Amino acid sequence: MKLAIERAALRRAGLLVLLGGIVIVSAQRFRDLMRRSHRNHEAALVDLQLARQSAAQGQFAAAIAECRRARSRNPGLAEVHRIFGYACYRLNRYDEARTALEQALELNADDAFAACFLGLILAER
């Protein structure tokens, strides 16, 4: 009985349940999820651009706030972590900077900017 109720709830949410408990998304629900994901990515790119501008103008606290917003929307953007780390570095928040720059390098091992500032942090410690 409980399984039938759970399956009915999943169906109402736009999900299909196959034998073996595999859950798949209906075509409409999948399109909705993809649109939402795309909107989040686009919004993260806007936040990233604002963070770039703030950092370029020396407004590092504002850059950090924009990066946090961008990370909440799309944590897989390496540049967000790089700018966040750079802004933290400029505000002498070295532990946060180190963590962010390491994350940027995990996402993009070829990021010379992140590697350079991470090296500066490690050299100063």
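**View 1. Asp-111 sits in the loop between H5 and H6.** The model is predicted: local features need pLDDT of at least 70, side-chain atom pairs count only at pLDDT 80 or more, and totals for chains, interfaces and linings use all residues. Residues are numbered from 1 along each chain as its sequence is written, and side-chain values use heavy atoms, with hydrogens and water left out. Helices (H or I, at least four residues) and strands (E, at least two) are DSSP runs, numbered from the N terminus. Asp-111 has a relative accessible area of 6% and is buried; buried means under 20% relative accessible area, exposed over 50%, and partly exposed in between, with a 1.4 Å probe and protein chains only. The side chain of Asp-111 comes to 3.0 Å from the backbone nitrogen of Ala-114. This is a polar contact (a pair of N or O atoms within 3.5 Å; within protein, one must be able to donate a hydrogen and the other to accept it, and residues adjacent in sequence count only if both atoms are side-chain atoms). Apart from neighbours within four places in sequence, Asp-111 is in contact with Arg-82, Ala-104 and Leu-105, where contact means heavy atoms within 4.5 Å.

**View 2. Helix H4 is largely enclosed by the rest of the structure, because ten of its 13 residues are buried.** The buried residues of H4 include Ala-78, His-81, Gly-85 and Tyr-89. From its first C-alpha to its last, H4 reaches 19 Å, close to the 18 Å expected at 1.5 Å a residue; the expected span is 1.5 Å times one less than the number of residues. Just after H4, Asn-92 takes a positive phi of about 60°.

**View 3. The largest nonpolar core has 26 residues.** A nonpolar core is a set of buried Ala, Val, Leu, Ile, Met, Phe, Trp, Tyr and Cys residues joined through side-chain atoms within 4.5 Å. Cys-67, Val-80, Ile-83, Phe-84 and Leu-101 touch the most other members. H2, H3, H4 (78-90), H5 and H6 (112-124) each supply at least two residues of this core. H4 gives the most, with seven residues. Leaving out residues up to four places away in sequence, Val-80 touches Leu-48, Cys-67, Ala-70 and Arg-71. In soluble globular proteins, nonpolar side chains tend to be buried together.

**View 4. Asp-47 and Arg-73 form a salt bridge, with N to O at 2.4 Å.** Asp-47 lies in H2 (residues 27-56) and Arg-73 in H3 (residues 60-73), so the pair ties together parts that are 26 residues apart in sequence. A salt bridge is a side-chain nitrogen of Lys or Arg within 4 Å of a carboxyl oxygen of Asp or Glu. By this rule there are eight salt bridges. Asp-47 counts as buried at 5% relative accessibility, whereas Arg-73, at 34%, counts as partly exposed.

**View 5. Arg-68 and Glu-96 meet in a salt bridge of 3.3 Å, N to O.** This pair links distant parts of the chain: Arg-68 is in H3 and Glu-96 in H5 (residues 94-107), 28 residues apart. Arg-68 is partly exposed at 41% relative accessible area, and Glu-96 is partly exposed at 30%. Glu-96 also forms a salt bridge with Arg-93, at 2.8 Å, N to O. Arg-93 counts as partly exposed, at 29% relative accessibility. Elsewhere, salt bridges that share partners join Asp-47, Glu-66, Arg-69 and Arg-73 into one network.
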